[in-house]
Amino acid sequence: MSSSQKRLCIPGQRLCQTDDDHTPGSGTYSRGSFIYASLAGYVHIRADKDRGSVLEVRGEVERSTVPFVGAIVTAKVTHVNPRYCKCAIFCVEDSVLQESFRGQIRREDVRATEKDRVEMYRCFRPGDLILARVLSLGDMHSYLLTTAENELGVVIAQSEAGVTMIPVSWTEMQCPKTFAKEHRKVARIAPPSDSAVN
């Protein structure tokens, strides 16, 4: 990937392997032998005489973009209660927003099945980064969102130990430091193709 190419990424997306020629910069983090995006934006490669090629992710501002019905949005959970969770939408499709919009996921919009058995605290926690779809414009300028698809839900979550957790099933994530498991409504993210990694 040349520095002139603009490649969009979302939080938690694997960008490339960490090696002598590629090191993580701002907007990224390393886990294992790979570099991942820590925010939504565009991948930039900066040449550094000491560190080689430094991968950075920068949010590029889109002033005219607003969430629309059917759009996939990236959001951060800000508040959870037994009936719904509130979140801040900061990316619509592939556009990073200048200012966040308020979103809300109701209990009945978390999963497609067994809606009456959903427990919000076992699906989301404040600070989680999620992918969701816009259902409609709700009350008080807050967008109603849904995660009732396999590809939607939590993509990045911090454990109680403050470490980024690893998905172990569609309902659990595990802390790689303490090995404690926490419940989440995990998004099924398609892994990158082998050719992009090698």
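Student: What makes strand 6 and strand 7 a pair?
Tutor: Two strands pair if at least two bridges are found between them. Strand 6 and strand 7 have seven bridges, in the antiparallel sense, so by the cut-off of at least two they pair. The two strands also form a hairpin, with three residues between them.

Student: How do you know that strand 3 pairs with strand 7?
Tutor: Three bridges join strand 3, residues 22–24, to strand 7; the requirement is at least two. These two strands run parallel. One of the positions involved is His-22, whose bridge partner in strand 7 is Ser-53.

Student: Why is the contact of Arg-46 and Glu-56 called a salt bridge?
Tutor: Because the limit is 4 Å between a side-chain nitrogen of Lys or Arg and a carboxyl oxygen of Asp or Glu, and the N to O distance for Arg-46 and Glu-56 is 2.8 Å. Arg-46 sits in strand 6 (residues 41–48) and Glu-56 in strand 7 (residues 52–58), ten residues apart.

Student: What makes Arg-117 exposed?
Tutor: The relative accessible area of Arg-117 is 57%, and exposed means over 50%. Arg-117 forms a salt bridge with Glu-114, the closest N and O atoms being 3.1 Å apart. Glu-114, at 43%, counts as partly exposed.

Student: Which parts of the chain does the salt bridge of Glu-151 and Arg-188 tie together?
Tutor: The side chains of Glu-151 and Arg-188 meet at 3.0 Å, N to O. Glu-151 lies in the loop between strand 13 (143–146) and strand 14 (153–156), and Arg-188 in the loop between strand 17 (181–183) and helix 1 (194–197), so the bridge ties together parts that are 37 residues apart in sequence. Glu-151 at 39% is partly exposed, and Arg-188 at 37% is partly exposed.

Student: How many salt bridges does the structure hold?
Tutor: Ten. Arg-125, Asp-128, Glu-182 and Arg-184 are linked in a network of them.

Student: What is the bridge partner of Met-173 in strand 17?
Tutor: Glu-182, a residue also named in that network. Strand 16 (residues 172–174) and strand 17 pair in the antiparallel sense over three bridges.

Student: Why are strand 15 and strand 17 called edge strands?
Tutor: The open sheet has three strands in the order 15-16-17, with antiparallel pairing. Strand 15 (166–167) and strand 17 each pair on one side only.

Student: Why is the pair Tyr-29 and Tyr-36 called stacked?
Tutor: The centres are 5.5 Å apart and the planes 15° apart. Centres within 6.5 Å make a pair, and planes under 30 degrees apart count as stacked, so both conditions hold. Tyr-29 and Tyr-36 are buried.

Student: And what makes Phe-101 and Tyr-143 edge-to-face?
Tutor: Phe-101 and Tyr-143 are 5.9 Å centre to centre, with 80° between the planes; over 60 degrees counts as edge-to-face. Phe-101 lies in strand 11 (residues 95–106) and Tyr-143 in strand 13, so the pair ties together parts that are 42 residues apart in sequence. At 24% Phe-101 counts as partly exposed, whereas Tyr-143 at 12% is buried.

Student: How do you know that Ser-142 is buried?
Tutor: Its relative accessible area is 11%, against a cut-off of under 20%. Ser-142 is in the loop between strand 12 (129–137) and strand 13. Leaving out residues up to four places away in sequence, Ser-142 touches Arg-102, Gly-103, Gln-104 and Leu-137.

Student: What is the confidence in the chain?
Tutor: The mean pLDDT is 84, and 89% of the residues reach 70 or more. Over residues 193–198 the pLDDT is below 50. Where pLDDT is low, the predicted coordinates should not be read in detail.

How values were computed. Residues numbered from 1 in each chain as written. Heavy atoms only, no water. Helix = DSSP H or I, 4+ residues; strand = E, 2+ residues; numbered from the N terminus. Buried < 20%, exposed > 50% of the residue type's maximum accessible area, 1.4 Å probe, protein only. Contact = heavy atoms within 4.5 Å. pLDDT = per-residue confidence, 0-100. Phe/Tyr/Trp six-rings, centres within 6.5 Å; stacked < 30°, edge-to-face > 60°.
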